[in-house]
Amino acid sequence: MPESVKSTLTPLPAISDDVWPTSTEVLIMGGGPVGLTCAMLLAQQGVDVLLVERRDFVFRFPRAHLLNTRTMEAFHDIDVADDIYAATPTHDRWRKAVWYTTATGPGEFDGLKIGEVPAWGGGPDAERYRQSSPRAFANMPQLRLDPLLYRHALAAAPGRIRKRQEVVGIEQQADAAVVSILDRTTGDLREVRANYVIAADGGRSSADMLGVEMEGPRDMREVVNYHVSMDLSSWSEPDALLGHFLHPAGGARRRGTIQAIGPTEYNRNSEEWLVSVAAWMVEGDPDDEAALFASIRTMLGLPESHEITMHSMTRWSYNGLVAKQFRNGRVFLAGDAAHKHPPTGGLGLNSGIQDAQNLCWKLAAVLHGEASDGLLDSYQAERRPIVAWYTAHSLENANRHPPIAEALGFSEDVEEGFRNLAEFVADTPEGDARRAQVKAEVDHNEHDYSQLGVEAGYHYSEGAFVPDGSPVPGDPNDPVAFHPTSRPGHHLPHVWLAEADAAGQPVSSHDLIARHGLTLLTSASAAERWRTEAERVRTHMPLTIATIADDDAAWAEARQIDADGALLVRPDRKVAWRVTSLPADPAQALTEALDVIVRGGDRLDSDPAEPYLVRIRAAANVLVR
């Protein structure tokens with residue numbers, strides 16, 4: 001029977017909180033989800049880490065909430081996933097996005113539903129999302145995710161997660177980075193030597209400190225976000241997690257969104273809400289709570305007496321930024337420090353976690369002497385094109401709402417907008433035509449909410465793997481369609497195996513992949529020959545042989561190799577090498593593949609990020625109109 005690799009997060013030896021190390025293997029700037037995840041991934045590999053956060057660890061604002069399947073795979077590896085699933089709604093009715101004129105109100109067209117789409121693996125998307133990964137899509141507002149990650153990071157790296165410590169300087173030397181840290185409580189200034197530094201500070205200072213240029217447009221549109229408590233039980237929409245609001249009074253512009261953030265209900269009975277209002281909706285002093293509440297009530301159709309309690313607020317602007325460098329000497333940028341884009345598509349936090357997963361296994365391999373420093377260059381080669389794609393896609397998603405308003409006939413002429421809205425609800429041929437047009441524009445938002453091709457299908461065109469010359473299946477730019485494949489650079493296909501584990505629990509092909517080193521995945525009948533050949537290979541990289549029964553029909557269909565072939569898989573479950581059948585000299589073929597992988601692979605002649613940078617600029621031009 002298959003033996004899955006259990007997630008074992010053995011804590012690092014504890015350090016007293018009042019003792020400062022003078023050196024560490026990896027210093028992490030920033031205590032958000034990316035930094036905390038890096039700390040746990042590295043601790044899991046036995047790497048000494050020190051994380052410093054310039055603020056305290058009091059989490060005040062909901063921010064991101066959608067955690068896609070690839071992110072949940074990473075969280076499963078660090079023993080966080082089960083806690084997240086326990087806090088995610090147990091039903092699937094929340095998995096849709098809706099459009100309304102207002103939530104409620106006395107007017108003829110108040111509370112009118114415009115349309116909806118399935119979202120995040122709900123409705124008709126459920127089966128294909130289940131087939132993409134053993135880990136389900138989850139929902140947990142960052143207001144609650146961050147404290148959870150913080151608790152786990154403290155347990156994984158005791159004494160190494162430090163608050164109110166600000167990095168004020170980084171001096172790069174031949175064999176280390178000397179990091180100057182200001183204690184924001186005492187004013188003390190200290191230095192820590194680190195082999196490597198991960199800048200996961202959200203870009204607050206790291207890019208400027210390192211002189212890294214950010215490409216792309218800035219400050220395209222301003223949005224005001226509020227974390228509030230209010231009663232929306234009168235809203236006719238029973239289940240949706242996310243609502244968008246369009247109204248004739250707003251013309252072709254979206255007024256804003258509401259997102260249910262629980263903590264016990266994630267629908268119209270939610271106790272708390274994240275409300276995003278377009279800045280143009282706020283009339284009067286933007287710092288006056290009365291003006292802020294007025295914009296919320298106007299957008300939702302609530303009376304002036306409707307009670308709202310403010311917990312916190314923030315302003316932000318649409319950006320479409322990608323760092324030109326993800327590596328600067330011994331420093332690596334991750335998450336928002338390396339890329340910033342709108343929340344449409346929910347790809348910000350997810351791409352940051354995937355940055356962490358990509359980078360940390362490579363850092364561990366280099367620090368353990370299993371690979372050359374060149375492996376670390378593949379971090380930028382792999383991740384920069386992906387996040388450029390994500391940034392372009394997020395900006396394009398942001399442009400999918402105005403066409404709905406235009407299909408409704410909304411314009412600067414408010415009265416005309418109301419006339420066209422009356423036609424939208426009329427039982428007439430003209431009403432049928434307008435409803436069909438609106439539905440078509442609403443359905444185009446599947447690129448945002450059914451984007452499995454983006455979330456699960458992202459793959460690398462260059463980096464620490466051996467290309468085999470095969471074409472990318474399907475349309476690589478299709479954000480919806482997902483094509484499981486064992487092609488190198490892609491994610492290992494997920495299949496629930498025919499045999500359960502010793503405890504009778506189902507096992508995924510993903511569960512066979514070792515957390516440390518590389519895994520050679522082959523059939524049971526070929527395993528002994530591959531094991532013998534692997535013993536002839538000289539490498540410092542740990543190599544685990546994992547097998548699947550020859551008669552496992554589902555895996556035989558998914559693997560895209562013969563029974564005597566093999567897949568070499570990285571800890572982040574990207575296929576690093578594929579050989580269809582047993583080579584004439586397996587040991588030599590495996591040696592050559594390992595040589596390519598541990599040095600970080602080869603580079604393409606052209607920049608694979610450039611086509612996405614072109615799309616970023618084009619989408620930004622539409623967004624600012």
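How many cavities of 30 Å³ or more does the structure hold? The structure holds six of them, where a cavity is a set of points, on a 1 Å grid over the protein atoms alone, at which a 1.4 Å probe fits but cannot get out. The model is a predicted one, in which local features need pLDDT of at least 70 and side-chain atom pairs count only at pLDDT 80 or more, whereas totals for chains, interfaces and linings use all residues. Residues are numbered from 1 along each chain as its sequence is written, and side-chain values use heavy atoms, with hydrogens and water left out.

The largest cavity has a volume of about 170 Å³, a volume being the space filled by probe spheres set on the grid points, which are joined across faces, edges and corners. Its lining, defined as the residues with an atom within 4 Å of a point, comprises 19 residues, of which Gly-457, His-459, Phe-482, His-483 and His-490 are the closest to the centre. By class, this lining has nine nonpolar, seven polar and three charged residues; Ala, Val, Leu, Ile, Met, Phe, Trp, Tyr, Cys and Pro count as nonpolar, Asp, Glu, Lys and Arg as charged, and the others, Gly among them, as polar.

Pockets were treated separately, a pocket being an open set of points with protein on both sides within 12 Å along at least five of seven lines. The second largest pocket has a volume of about 420 Å³, and 26 residues line it, those closest to its centre being His-459, Tyr-460, Ser-461, Glu-462 and Leu-604. Two or more lining residues come from each of helix H9 (377-398) and helix H18 (610-623), where helices (H or I, at least four residues) and strands (E, at least two) are DSSP runs numbered from the N terminus. H9 gives the most to this lining, with four residues. The lining of the second largest pocket divides into 14 nonpolar, six polar and six charged residues.

In soluble globular proteins, nonpolar side chains tend to be buried together. In this model, the largest nonpolar core has 125 residues, and those with the most contacts inside it are Leu-27, Phe-75, Ile-84, Ile-198 and Trp-577. A nonpolar core is here a set of buried Ala, Val, Leu, Ile, Met, Phe, Trp, Tyr and Cys residues joined through side-chain atoms within 4.5 Å, with buried denoting under 20% relative accessible area, exposed over 50%, and partly exposed in between (1.4 Å probe, protein chains only). Helix H8 (residues 348-367) supplies the largest share of this core, 11 residues. Another core, of 56 residues, lies apart from it and has among its members Ala-97, Leu-302, Ala-407 and Phe-482. When neighbours within four places in sequence are left aside, Ile-198 is in contact (heavy atoms within 4.5 Å) with residues including Val-26, Leu-27, Phe-332, Leu-359 and Leu-363.

Among the strands, which are said to pair if DSSP finds at least two bridges between them, E12 (residues 222-230) has seven of its nine residues buried and is therefore largely enclosed by the rest of the structure. E12 pairs in the antiparallel sense with strand E16 (residues 308-317) over nine bridges, with Val-223 opposite Trp-316 in E16. E12 also pairs in the antiparallel sense with strand E15 (residues 272-278), over seven bridges, and there Val-228 stands opposite Trp-273. An open sheet of three strands, with antiparallel pairing, has the order E11-E17-E20. Strand E11 (214-215) and strand E20 (339-340) stand at its edges with a single partner strand each, so one side of each is left without a neighbour in the sheet. Two bridges join E11 to E17 (residues 321-323), and Met-214 has Ala-323 in E17 as its bridge partner.

Several backbone features lie in loops. A cis peptide bond, with omega of about 15°, joins Gly-262 and Pro-263, and Pro-263 is placed in the loop between strand E14 (256-260) and E15. Asp-79, although not a glycine, has a positive phi of about 65°; Asp-79 lies in the loop between helix H2 (69-77) and helix H3 (81-87) and, at 35% relative accessibility, counts as partly exposed. Arg-164 likewise has a positive phi, near 55°, in the loop between strand E7 (161-162) and strand E8 (165-172), and counts as partly exposed at 30% relative accessibility.
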